[in-house]
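Hello,

Here is the structure I promised to pass on to you. Have a look at it first, and then read my notes below with the model open beside you.

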Amino acid sequence: MVFSCGSRASMESRLLPVLAFLCLALTTSHAALPSQVYWNSILPNTPKPKAIRDVFWPGGHKGKHVYFGVGATAVSSPFSYDYAATEDQLHVDPAVALFFLEKDMLPGKKMNLHFIKNTNDATFSPQSEHQIIFSSKNLPDILNHFSVKPGSLEAQIIKNTIKRCEAPAIKGEEKYCATSLESMIDFSISKLGTKVQAISTEVEKETQKQEYTIGVGVKKMAGDESVACHKENYPYAVFYCHVTQTTRAYMVPLVGADGTTAKAVAVCHIDTSEWNPMHLAFQVLKVKPGTVPICHFLPEDHIIWVPKEISA
């Protein structure tokens, strides 16, 4: 039996509806695409910073464990505006060494810094693998899914992370907890547009707290609005993302006393009038809310999204 495919024109006319359907399916189901494909489709020719490469795992997250990071059991984070530090935290919290005043961000300025990584090395899982909605209402099911015993330290960490994500934003802030790379991209471009880039702090090697000197070439990133995403403690990667319209972001070259080099992301908050008066930054820098811009370097596993510079 001989089958005739007909003329080329006839074949093309029959294929057009099929191709149109496939294009429509791809357009309307971005969230279902694999993370790598989604990144390339939404952010073509945009490199991933190390903080994203570290949590990018095409096959899903690396298991069902809860890892303990700095301040893992705290209900709030030093990078949340409602964070109130205790006297003890002023002496032991490594984040103390990351806050500074914008006026001090000058070449030759020396700062004692300690860049640390959260010990939570969980990676992103695809949205399609999120079998249980990330919500305090589903806490029993979440603990059961990850084989975590209720009442344990691990259970408290999971509970605190969800609670932090569900807490209301302060005035002038928009927040969102991204539970996948796709959702982080979606939130960031919804606030900044599609012409964006993600950056993160990169340190040559892990060191103890030491003196760093700001080098020549401090670079202010485009725009006065950014989306900062801070990694939380959870069985898979979760980022607490928030945006305000009164921030400035910088890339800052640093050289440590031992020769270690770093390219650090610094975020400066211009309006801090709505922050908790007992926030760690105010206590460390001896300033009051709303008086001067407060800056901090981002730890290595945090990410900031900023507008891309427009070429002349």
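Let me begin with a term you will meet throughout: helices (H or I, at least four residues) and strands (E, at least two) are DSSP runs, numbered from the N terminus. You are looking at a predicted model, in which local features need pLDDT of at least 70 and side-chain atom pairs count only at pLDDT 80 or more, while totals for chains, interfaces and linings use all residues. Residues are numbered from 1 along each chain as its sequence is written, and side-chain values use heavy atoms, with hydrogens and water left out.

**A residue to start with**

Find Thr201, which sits in the loop between β4 and β5 (202–203). Is Thr201 buried or exposed? Thr201 has a relative accessible area of 1%, so it is buried (buried means under 20% relative accessible area, exposed over 50%, partly exposed in between, with a 1.4 Å probe and protein chains only). Its side chain reaches two backbone atoms: the nitrogen of Val265 at 2.9 Å and the oxygen of Leu298 at 2.8 Å. If we leave aside neighbours within four places in sequence, the residues in contact with Thr201 (heavy atoms within 4.5 Å) include Phe115, Lys263, Ala264 and Glu300.

Lys159 has 43% relative accessibility, so it counts as partly exposed. Ser135 is 24 residues away from Lys159 along the chain, and their C-alpha atoms are separated by 9.3 Å.

**The chain as a whole**

The protein chain has eight helices and 13 strands. Of its 312 residues, 48% are buried. Among contacts with a separation of 6 or more, 75% are between residues 24 or more positions apart. The accessible surface is about 15800 Å², and carbon and sulfur atoms hold 57% of that (areas come from the Shrake-Rupley method with a 1.4 Å probe; for residues, only the protein chains shown count as cover).

**The nonpolar cores**

A nonpolar core is a set of buried Ala, Val, Leu, Ile, Met, Phe, Trp, Tyr and Cys residues joined through side-chain atoms within 4.5 Å. Which residues touch the most other members of the largest core? They are Met184, Ile185, Phe239, Ile303 and Trp305, out of 26 residues in that core. The elements giving two or more residues to this core include α2 (35–42), α7 (181–192), β8 (226–231) and β9 (239–244). Helix α7 gives the largest share, six residues. Take Met184 as an example: beyond its neighbours within four places in sequence, it is in contact with Phe124, Ala178, Cys229, Phe239, Cys241, Ile303 and Trp305. There is also a second, separate core of 18 residues, with Met105, Ala262, Ala264 and Phe297 among them.

**Three disulfides**

A disulfide is a pair of cysteine sulfur atoms within 2.5 Å, and by this rule there are three.

- Cys165 and Cys177 are joined with 1.9 Å from S to S. The torsion about their S-S bond is about -85°, so this disulfide is left-handed. The pair links helix α6 to strand β3 (residues 174–178), twelve residues apart.
- Cys229 and Cys241 have their sulfur atoms 2.1 Å apart. Their torsion is about 115°, so the disulfide is right-handed. Cys229 is in strand β8 and Cys241 in strand β9, so the pair ties together parts twelve residues apart in sequence.
- Cys268 and Cys295 also have sulfur atoms 2.1 Å apart. With a torsion of about 105°, this disulfide is right-handed. Here strand β11 (residues 261–269) is linked to strand β12 (residues 294–297), 27 residues apart.

Numbered in sequence order, the bonded cysteines pair as 1-2, 3-4, 5-6.

**Aromatic rings**

Rings of Phe, Tyr and Trp (its six-membered ring) pair if their centres lie within 6.5 Å; planes under 30 degrees apart count as stacked, over 60 as edge-to-face and the rest as tilted. This rule gives eleven aromatic pairs. Tyr234 and Tyr236 have ring centres 5.0 Å apart and planes at 75°, so they are edge-to-face. Trp275 and Phe282 form a tilted pair, 5.8 Å centre to centre with 45° between the planes, and both residues are buried. Ring pairs also link Phe100, Phe115, Tyr212 and Phe297 into a cluster.

Enjoy exploring!

Conventions: Polar contact = N/O pair within 3.5 Å; in protein donor to acceptor, adjacent residues only side chain to side chain.
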